[in-house]
Amino acid sequence: MSELPQQAYAAALASLDLMTASRLNLLLAHSTAQEAFAMMLDEHSPNGLARRLFDNPRLAAAWRTSAAIRTPQRVWQQCQELGVTVLLAGEPGYPAVLLNDPAPAPVLFALGSFDSVIGRRAGIVGTRNATSSGRDTAGTLGRDLASQGVHVVSGLARGIDGAAHRGALSADDGAAPIAVVASGLDVVYPPEHRSLWSAVAERGVVLTEAPPGSPPAPYRFPLRNRIIAALSEVLIVVESRERGGSLITVEEARKRDIGVMAVPGSVRNRAAQGTNDLIRDGCPIVTDARDVTTALGLDSSRVGCAVYDPRPRPTGFDRELLGLCDEARTLDHFVLLTGRTLVECAMAVGRLEMVGWIQQVNGWFERTAHHSFLA
């Protein structure tokens with residue numbers, strides 16, 4: 001197995017039963033992907049917070065069993081046969097803008113190349129049950145933004161997402177589209193978008209956290225939405241119902257201080273109720289691509305391929321406590337080391353964990369392995 005690249009081991013880890021992004025981030029915080037996979041087979045000892053994961057016998061057993069089936073050789077061969085590139089955080093090709101995300105994706109699978117994404121990026125999302133007017137608006141925005149060099153980010157779903165990407169592809173010599181999906185790259189969903197997937201991959205890139213063979217399970221869509229938000233410099237909602245899935249993407253964008261804009265709709269259009277509510281609450285209005293390009297001109301912090309860290313810098317006691325998290329500690333440790341009360345320490349830990357500076361397993365806390373450090 002030593003002849004395989006680290007990406008092969010990372011892909012195999014991502015395919016294991018009960019593996020999540022947060023667990024995989026913990027495993028890779030203090031070890032290579034090859035070492036982490038050896039932990040699954042009891043051939044390498046975990047350290048840091050990773051040790052706490054193996055305290056769960058059900059989790060350890062599931063990993064051991066599935067690791068014997070989904071070997072790095074097998075998963076890597078599957079990726080190669082499908083033409084899928086495995087992007088490992090910190091390695092060449094991985095989107096730099098995602099490295100310090102509050103909920104980072106440790107491994108991404110790609111069709112196409114992120115190298116073609118050079119320039120501004122705008123997310124376009126909305127309901128699957130879109131009206132013809134909404135689809136037309138999304139397509140027009142996608143086409144006009146791509147024509148002006150803006151990469152359109154969306155989810156390749158039915159309705160608004162698909163219309164936005166079709167519009168972006170219709171622009172001659174337009175900016176490369178970016179899609180983030182919720183299934184393995186060999187499991188096209190929805191099935192009728194097969195040709196659209198291929199067209200986006202050929203011109204730009206289709207990304208997913210899900211290894212090959214993964215079905216579009218419901219839990220994967222909210223996870224997918226956080227990546228759509230994180231890849232966007234501004235997020236445009238074309239149509240959304242009051243509790244539409246696109247509002248999850250809105251919430252993820254706001255967590256990252258990414259601007260959200262909305263296309264107004266008729267008050268009689270149920271598909272526009274969510275977008276109209278956003279506008280009522282102060283969200284800027286989009287009527288054409290010029291509104292978006294104007295908004296993009298206001299902030300260049302996420303431009304290009306530079307590593308960007310969206311996490312607010314901790315100050316005061318939060319910063320002091322973060323400085324103690326170079327190794328795994330409990331709340332009791334923080335109380336003893338700082339002289340503060342348990343409540344003060346718990347509140348500081350909660351704030352740091354919420355924005356992505358620390359992570360925890362079973363009451364043990366440690367600094368995240370994001371590729372950034374305190375200024």
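R58 counts as exposed because its relative accessibility is 61%, where exposed means over 50% relative accessible area, buried under 20% and partly exposed in between, with a 1.4 Å probe and protein chains only. R58 belongs to helix 5, residues 57–69, helices being DSSP runs of H or I with at least four residues, numbered from the N terminus. Between the C-alpha atoms of R58 and L18, which stand 40 residues apart along the chain, the separation is 9.6 Å.

This is a predicted model, in which local features need pLDDT of at least 70 and side-chain atom pairs count only at pLDDT 80 or more, while totals for chains, interfaces and linings use all residues. Residues are numbered from 1 along each chain as its sequence is written, and side-chain values use heavy atoms, with hydrogens and water left out.

Two helix pairs are set out below, with axes as lines fitted to C-alpha atoms over the stretch in contact and angles running from 0 to 180 degrees between N-to-C directions.

| Helix pair | Packing angle | Axis separation |
|---|---|---|
| helix 1 (residues 6–14) and helix 3 (residues 33–40) | about 40° | 8 Å |
| helix 10 and helix 11 | about 50° | 8 Å |

The angle makes helix 10 oblique to helix 11, and helix 1 and helix 3 are likewise oblique to each other; angles under 35 degrees count as roughly parallel, over 145 as roughly antiparallel, 65 to 115 as roughly perpendicular and the rest as oblique. Helix 1 and helix 3 cross in a left-handed sense, whereas the crossing of helix 10 and helix 11 is right-handed; left-handed means that the near helix is turned anticlockwise from the far one by less than a right angle, and right-handed that it is turned clockwise.

The second largest pocket holds about 240 Å³ of space. Of the 17 residues lining this pocket, G126, T127, R128, G245 and S246 are the closest to its centre. Helix 10 (220–231) and helix 11 (246–255) are the elements that give two or more residues to the lining, and helix 10 supplies the largest share, four residues. A pocket is an open set of points on a 1 Å grid over the protein atoms alone, with protein on both sides within 12 Å along at least five of seven lines, and lining residues have an atom within 4 Å of a point. Grid points are joined across faces, edges and corners, and a volume is the space filled by probe spheres set on the points.

Definitions and conventions. On a 1 Å grid over the protein atoms alone, a cavity is a set of points where a 1.4 Å probe fits but cannot get out, and a pocket is an open set with protein on both sides within 12 Å along at least five of seven lines; lining residues have an atom within 4 Å of a point.
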